[in-house]
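This note sets out points on side-chain packing for a colleague new to the structure. Please read them beside the sequence and the model.

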Amino acid sequence: MEEMEEELKCPVCGSFYREPIILPCSHNLCQACARNILVQTPESESPQSRRASGSGVSDYDYLDLDKMSLYSEADSGYGSYGGFASAPTTPCQKSPNGVRVFPPAMPPPATHLSPALAPVPRNSCITCPQCHRSLILDDRGLRGFPKNRVLEGVIDRYQQSKAAALKCQLCEKAPKEATVMCEQCDVFYCDPCRLRCHPPRGPLAKHRLVPPAQGRVSRRLSPRKVSTCTDHELENHSMYCVQCKMPVCYQCLEEGKHSSHEVKALGAMWKLHKSQLSQALNGLSDRAKEAKEFLVQLRNMVQQIQENSVEFEACLVAQCDALIDALNRRKAQLLARVNKEHEHKLKVVRDQISHCTVKLRQTTGLMEYCLEVIKENDPSGFLQISDALIRRVHLTEDQWGKGTLTPRMTTDFDLSLDNSPLLQSIHQLDFVQVKASSPVPAIPILQLEECCTHNNSATLSWKQPPLSTVPAEGYILELDDGNGGQFREVYVGKETMCTVDGLHFNSTYNARVKAFNKTGVSQYSKTLVLQTSEDTDSEEQTLPFPVPSERLPLRRMSPFSSTLNLQPSFPGRSYFDFRSSPHQLSLHSSLQSLNAPGCNFETQSAPYSQLVAWFAFDPGSAHSDIIFSNDNLTVTCSSYDDRVVLGKTGFSKGVHYWELTIDRYDNHPDPAFGVARMDVMKDMMLGKDDKAWAMYVDNNRSWFMHNNSHTNRTEGGIAKGATIGVLLDLNRKTLTFFINDEQQGPIAFENVEGLFFPAVSLNRNVQVTLHTGLPVPDFYSSRASIA
């Protein structure tokens, strides 16, 4: 109700309508306000002069009024009467609610009559303050406009619903609380006003006074005033003129201007227009509902922007702090070098000082001794030692020869710090990429009624939010490993429903989905928990698609908030493949650790139960020197050293076989093939550490290697075009190798168990291509069946 209040206020005075009248443009005005904004027009343009001149235009012709609009849409602040040669112009003002109005050129004459009965200036014109259409009044003045009884009733109900206590209607200043209501006068009185204005004597003694609350109820229940015809004030409206779109009385039909117009029953048109208004309100209600939801979305965006801003600022501060830490570490290293140079210079100078001091002391002693010898008067004694002293003096003098009295170290530090590249980099430090202006898609919604599990398969369905305006180019579905491990992508595409087969029986999986477009990826949907069947031997049944959700209860979890940097393209065979059998068409995932009996699909022809899986090499975990091509199925290396690359799929159960063909083999390198853990060393030959089990082979022979232990040298090597087969039998816990469809040596490794990834190590002289989804060699299947 409070939102409706603006509809109930006059555009001129800003208060609730009092005796509202309906203008021909369908807007409303208080009767007093309408009189206040009347403007007098020239005599020559009065309605009488227009009729006398032969103009047959009616007083309230809408089309002509549109053509003679008083107000220009440009907000010039002035209104002019279009179509009048000498029409006055009056500056416009603004009402309390901001609508432009045209005040009268002079104040209206004082009168004691009501606004409806008081005479209006002759040849007056009124301009609607809302749409600015103008109208020249006829002789009836404001009485020619119909009164809006419906609006009066709405305002009355609104004021009654808002009023905490009924107030006296006759108090001049601050109204006091009413104590009675006169049913005949339809007025609320306080005690002083009742004694003064409604004394209990004379004709007023017969009036019935009731409490205010009862009077409010009786006022609501009292019959509405019936609107009367504006042309025939004593007649009530009885018909509806279809052409003029207004109620009329029977006299208007017989002798008035509506006599030749099409008319219909007032009650029928009342019901028809009520129905049309209800239908229009339904559409408007839908728009209002969408607007409310849109406002909720915008408020959520405000919160998300604040959260993202805090996260981004924290990330920026962390990056800058990392740069500062790196600079401080480098500063400490440079200071250490300076201190080392300082100590070296001091040591050299101090050593030279010590050496010179000793020599100087020896030289001074020799000089003093020679002076004392010269003082002796014994010639024979002097000559006995003079030759030796002369040689010692010359030798000592030679020792002070060239370079001896030159400093071995300069006082300057021969170090110069070149910080200009770093300063330039700091000045150029900026965000690498500014995100596109177009937003990312909205968060997808998982449709619980269409999500279900059956045996060891799961069907998931999702959709975009109803009010989402940003299209999604595709979706990314992720599942964990059924044991609370890391999420992995199982589907990337445009479809909104996906069935994943080959899950572990009696396991609980978490699923989530997100949307992407060229701008980026959305946040994850809420996480959905699915439980697979406990019966691993359950018989397959033909079920309708999708399976009803009642087959298994689903429960929702809290939102998952991490993000993923999505690449602009998705290779077709990197993540999944489709495989058909006589019974089903299923999506087979390359999901880490989702390989259980029945994963992907079980072959129908082979007597030995084998799991057929399609996968490719994994660029994310490979060494940076590995070069990928052919949808990550072909690899080589840019280094002369051995580098390791793993497959995308990890195996923990079942029998798996894959092959690698040698596309290029130069200079007799030693590539290695086998399986490894996820944390295997990537910068050395496969099998050097305890995380890998491999066979490395050259052009003549091969060896098995694990934890740098070489065993089982076997004759027979590889060349360009050769095929290496790897058979991982996790049922028997063995690993076997093949070259050109022949088993190479004995079973390479036994008692292997856990999670293994296909692995290869190679250098730049080798290029191999991976082939997956292959059956086990026939002789091995036969031998295993016999065993």
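How many aromatic pairs does a search of the whole structure find?

1. The search finds 10 aromatic pairs; rings of Phe, Tyr and Trp (its six-membered ring) pair if their centres lie within 6.5 Å, and planes under 30 degrees apart count as stacked, over 60 as edge-to-face and the rest as tilted. The model is predicted: local features need pLDDT of at least 70, side-chain atom pairs count only at pLDDT 80 or more, and totals for chains, interfaces and linings use all residues. Residues are numbered from 1 along each chain as its sequence is written, and side-chain values use heavy atoms, with hydrogens and water left out.

2. The W462 and Y491 rings form a tilted pair, because their centres are 6.4 Å apart and their planes stand at 50 degrees. Both residues are buried (under 20% relative accessible area, with a 1.4 Å probe and protein chains only). Together with Y475, W462 and Y491 make up one aromatic cluster.

3. F615 and F651 pair edge-to-face, at 5.8 Å centre to centre and 70 degrees between the planes. F615 is buried at 3% relative accessibility, and F651 is buried with a relative accessible area of 1%.

4. The charged end of R512 sits over the ring of F487, 3.8 Å from its centre (CZ of Arg within 6 Å of the ring centre and within 35 degrees of the ring normal).

5. The largest nonpolar core has 37 residues; such a core is a set of buried Ala, Val, Leu, Ile, Met, Phe, Trp, Tyr and Cys residues joined through side-chain atoms within 4.5 Å. W658 and L660 are among those with the most contacts inside this core.

Technical notes
Buried < 20%, exposed > 50% of the residue type's maximum accessible area, 1.4 Å probe, protein only.
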